[in-house]
Amino acid sequence: MQAIEQRERLLTAEDLEGLPEQPGVRYELDEGKLVEMPGAGALHNLIVGLVYRLLFAFVSQKRLGLVFCDGAAFVLRRNPDTVRIPDVSVVRRERVPAAGIPEGFWPGAPDLAVEIVSPHDRAEEVHERVRDYLGAGVRLVWVLWPKSRTVTVYWPDGTARELGPDEQLTGGDVLPGFTARVHDLFAVEMEDDLRGAMQDRPDPASGDIEQ
């Protein structure tokens, strides 16, 4: 009897956009294969928010383009389709389509892609994402490592550089003039005065609250 090979059906970006939304669940496409993305932890989300605010303030002031937070999907490659969702991303003003900002996935790569590494991320997966970004035309990739408080910067020519906590991260040709101390990208802890105020608050169970 002749064997029949059954191949997995590859999805397109349009198929992915058409999937019903499920709370707390999101997907990417890796060469047409559906990949479920695990939920992020609290620290990861705080770092995403901090990096987004820093970039948004700079890009908005300089009118350089658009800044996207976690959730914006980019179609990096077609046939088969690869769709990635950076933690933070920037698209330069001159690359915004004449028809306006797309309602769905962004057709193409961002100029800057930022990835914040989570405890469940494997190094090979992180490197694969970086290769996808650079291969699709991303001009600058930042990978933030919360555990060591370092940043690895990748450029399209294949070079990379790791920056320590006390070094300065720059925006290069993508965001000329942008600088940030690496340590500050991870400074999401409560301020000392806020922490002290919370510690000084009376415990409701102690009965020491003034009426």
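Here are some questions and answers about this predicted model.

Q: How many contacts beyond four places in sequence does the model have for residues 191-199?
A: This is a stretch where the pLDDT stays under 50. Residues 206-211 also have a pLDDT below 50, with 5 contacts beyond near neighbours in sequence. For residues 191-199, the number of contacts beyond four places in sequence is 3.

Q: Which element gives the largest share of the largest nonpolar core?
A: That core has 27 residues, and those with the most contacts inside it include Leu 55, Trp 142 and Leu 144. Elements giving it two or more residues are α2, β6, β8, β9, β10 and β13. The largest share is 6 residues, and the element they come from is α2.

Q: Which residues from Thr 150 onwards does Leu 144 touch?
A: Leave out residues up to four places away in sequence. Leu 144 then touches residues including Ile 47, Val 51, Val 114 and Ile 116. From Thr 150 onwards, the residues touched are Thr 150, Val 151, Leu 185 and Phe 186.

Q: How many aromatic pairs are there, and how far apart in sequence are the parts that Phe 58 and Phe 178 tie together?
A: The count comes to 6 aromatic pairs. One of them is Phe 58 with Phe 178, at 5.4 Å centre to centre. Phe 58 lies in helix α2 (residues 42-62) and Phe 178 in strand β13 (residues 175-181), so the pair ties together parts whose separation in sequence is 120 residues.

Q: Is Phe 58 buried or exposed?
A: The cut-off for buried is under 20% relative accessible area. Phe 58 has 12% relative accessibility, so Phe 58 counts as buried.

Q: Is the pair of Phe 68 and Phe 74 stacked or edge-to-face?
A: Phe 68 counts as buried at 18% relative accessibility, and Phe 74 counts as buried at 1%. Their ring centres are 6.0 Å apart, with 80° between the planes. Planes over 60 degrees apart count as edge-to-face, so this pair is edge-to-face.

How values were computed:
Residues are numbered from 1 along each chain as its sequence is written. This is a predicted model: local features need pLDDT of at least 70, side-chain atom pairs count only at pLDDT 80 or more; totals for chains, interfaces and linings use all residues. Side-chain values use heavy atoms; hydrogens and water are left out. Rings of Phe, Tyr and Trp (its six-membered ring) pair if their centres lie within 6.5 Å; planes under 30 degrees apart count as stacked, over 60 as edge-to-face and the rest as tilted. Helices (H or I, at least four residues) and strands (E, at least two) are DSSP runs, numbered from the N terminus. Buried means under 20% relative accessible area, exposed over 50%, partly exposed in between (1.4 Å probe, protein chains only). pLDDT is the predictor's confidence in each residue, from 0 to 100. Contact means heavy atoms within 4.5 Å. A nonpolar core is a set of buried Ala, Val, Leu, Ile, Met, Phe, Trp, Tyr and Cys residues joined through side-chain atoms within 4.5 Å.
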